[in-house]
Amino acid sequence: MIFFFKTGSFSHVNENVRAILEREFPEHTLRTIDIASDILRRRPLAAARALAQVARIYPKTILLRRRKPTDFLLRTPAAFHAIKRWAGENVRAGGVAFTFQTQSLFDAGAVEVPHFVYTDQTCLANRRYPVPVSPELLSPRWLAVEQTVYESARAVFTTSTFARRSVIEDYGVDPARVRCVFSGVNVPGGPVPGERAFGSTVLFVGVDWERKGGPDLLRAFARVAVEHPRARLRILGCAPRVKNARIEVLGRVPLPEVARHFREADIFCLPSHHEPSAVALVEAMMHGLPVVSTRVGGTPDRCIEGETGFLVEAGDVEGLAKALCCLISSPERRRAMGEAGARFARSRFSWKTVGEEMAGAIRAAL
């Protein structure tokens, strides 16, 4: 048997990881455990203690970011230890081949059972971003327990070289046990880039408007619009209050519709301040779109500067506007970068490739 521990959807990652484990290890029965519904909800006292710790550890973060206390439930020692105890009570050596978890917000490893972790971020990686985060998110109480996630794992898989470097350098984990396997995409690729009829529509896809640099994009687009009166901006995933006839705000849309918007757009822009994996960036390239993004987190793994798009520094509105204008002004450059991006994305960022690499490493570790 294999125990697969996860929480929620994790931006559709969990569905794909489950499929990988079922496909690559058909000789084993797969049991999926959702941390929130299968463990914490059935341990109300532990959940209550975790909520009390949230109020003590993250009060300003919750207030200023307008987040619910339950959003930080897993970032508490109480929740961490409750999950660890559940794994110790329910996972037994001999009957379980190995355990696997996505994200590093908990530790579901059990004694004498090989355990593997697949994550896009670490807590201390937040110190590596140019835009600082709240000191509360670097709570010593949380860091003390998070350290054990990486120490107890047989191998740690990451979605970026940025996350891999943090696990190694910030937590002192042996580099031989940390492997960057990247991540796949959730939206299938679009038409052959050479067949696209390019215009001047810029697309933004993201749920977290502030973190994804949405306000920077609005300021940059105001400058772009002066030079290119026919340019348009389309915003998906969130719904900022914008009053501009040339900016279309669509909010959240079903996943199949996202693919249609990729096909209809001409340039993709994601000017994030913090970005672990930038999945939408790869999905845009899969559709033959040149991209403009920021040099943070996992983005440099996914955009080859000057070849598949442009990277600017986080918060550089002028650089953002300049890069967008450069692409709008040159259909041939858009086409060349779109074709290069499609080849690059399809060769490296598929769940099939990710699964084969993880499965090979797991078999070798076992």
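At 2% relative accessibility, A278 counts as buried. A278 also has a positive phi, near 55 degrees, in a residue other than glycine. The residue lies in the loop between β10 (267-270) and α10 (279-286). This is a predicted model.

**Positive phi in the backbone**

- A278 counts as buried because its relative accessibility of 2% is under 20%.
- Q103 is not a glycine, yet its phi is positive, at about 75 degrees.
- Q103 belongs to the loop between β3 (98-102) and β4.
- Its relative accessible area is 14%, so Q103 is buried.
- Q103 is also one of the residues that T7 touches.
- G172 follows helix α7 and has a positive phi, near 70 degrees.

**T7 and its loop**

- T7 sits in the loop between β1 (2-6) and α1 (13-24).
- With 16% relative accessibility, T7 counts as buried.
- Leaving aside residues up to four places away in sequence, T7 touches N14, D34, I35, L74, Q103 and F106.

**H115 in strand β4**

- H115 is located in strand β4 (residues 115-119).
- H115 is buried, and its relative accessible area is 1%.
- Its side chain makes a polar contact of 2.6 Å with the side chain of T99.
- Beyond residues up to four places away in sequence, H115 touches T99, F100, Q101, D107, A108, G109, A153, R154 and A155.

**R234 in strand β8**

- R234 is part of strand β8 (residues 232-236).
- The relative accessible area of R234 is 16%, so this arginine is buried.
- Which side chains make polar contacts with the side chain of R234? One is E248, at 3.1 Å. Another is H261, also at 3.1 Å.
- R234 and I247 are 13 residues apart along the chain, and their C-alpha atoms are separated by 5.8 Å.

**Helix α8 against helix α12**

- Two packed helices are described by the angle between their axes and the distance between the axes.
- Helix α8 (residues 214-227) and helix α12 (residues 317-329) pack at about 45 degrees, with axes 8 Å apart.
- That angle makes α8 oblique to α12.
- The crossing of α8 past α12 is right-handed.
- From α8, the contact uses D216, L217, R219, A220, R223, V224 and E227.
- From α12, the contact uses V317, E318, L320, A321, L324, C325, I328 and S329.
- Nine residues of this contact are nonpolar, one is polar and five are charged.
- An α-helix has 3.6 residues a turn, so residues three or four places apart point the same way.

**Helix α1 against helix α14**

- The axes of α1 and helix α14 (residues 351-365) come within 10 Å and cross at roughly 55 degrees.
- This makes α1 oblique to α14.
- α1 and α14 cross in a right-handed sense.
- α1 contributes V13, N16, I20, R23 and E24 to the contact.
- α14 contributes W351, K352, G355, E356, M358, A359 and R363.
- By type, the residues of the contact of α1 with α14 are five nonpolar, two polar and five charged.

**Helix α7 and what covers it**

- Which residues of helix α7 (residues 161-171) are buried? They are F162, A163, S166, V167, I168 and Y171.
- The cover over these buried residues includes α6 (140-152), β5 (155-158), β6 (178-180) and α11 (299-302).

How values were computed:
Residues numbered from 1 in each chain as written. Predicted model: local features only at pLDDT ≥ 70, side-chain atom pairs only at ≥ 80, totals over all residues. Heavy atoms only, no water. Axes fitted to C-alpha atoms, helices over the stretch in contact; angles between N-to-C directions. Helix = DSSP H or I, 4+ residues; strand = E, 2+ residues; numbered from the N terminus. Parallel < 35°, antiparallel > 145°, perpendicular 65-115°, else oblique. Left-handed = near helix turned anticlockwise from the far one by under 90°. Contact = heavy atoms within 4.5 Å. Nonpolar A, V, L, I, M, F, W, Y, C, P; charged D, E, K, R; others polar. Buried < 20%, exposed > 50% of the residue type's maximum accessible area, 1.4 Å probe, protein only. Polar contact = N/O pair within 3.5 Å; in protein donor to acceptor, adjacent residues only side chain to side chain.
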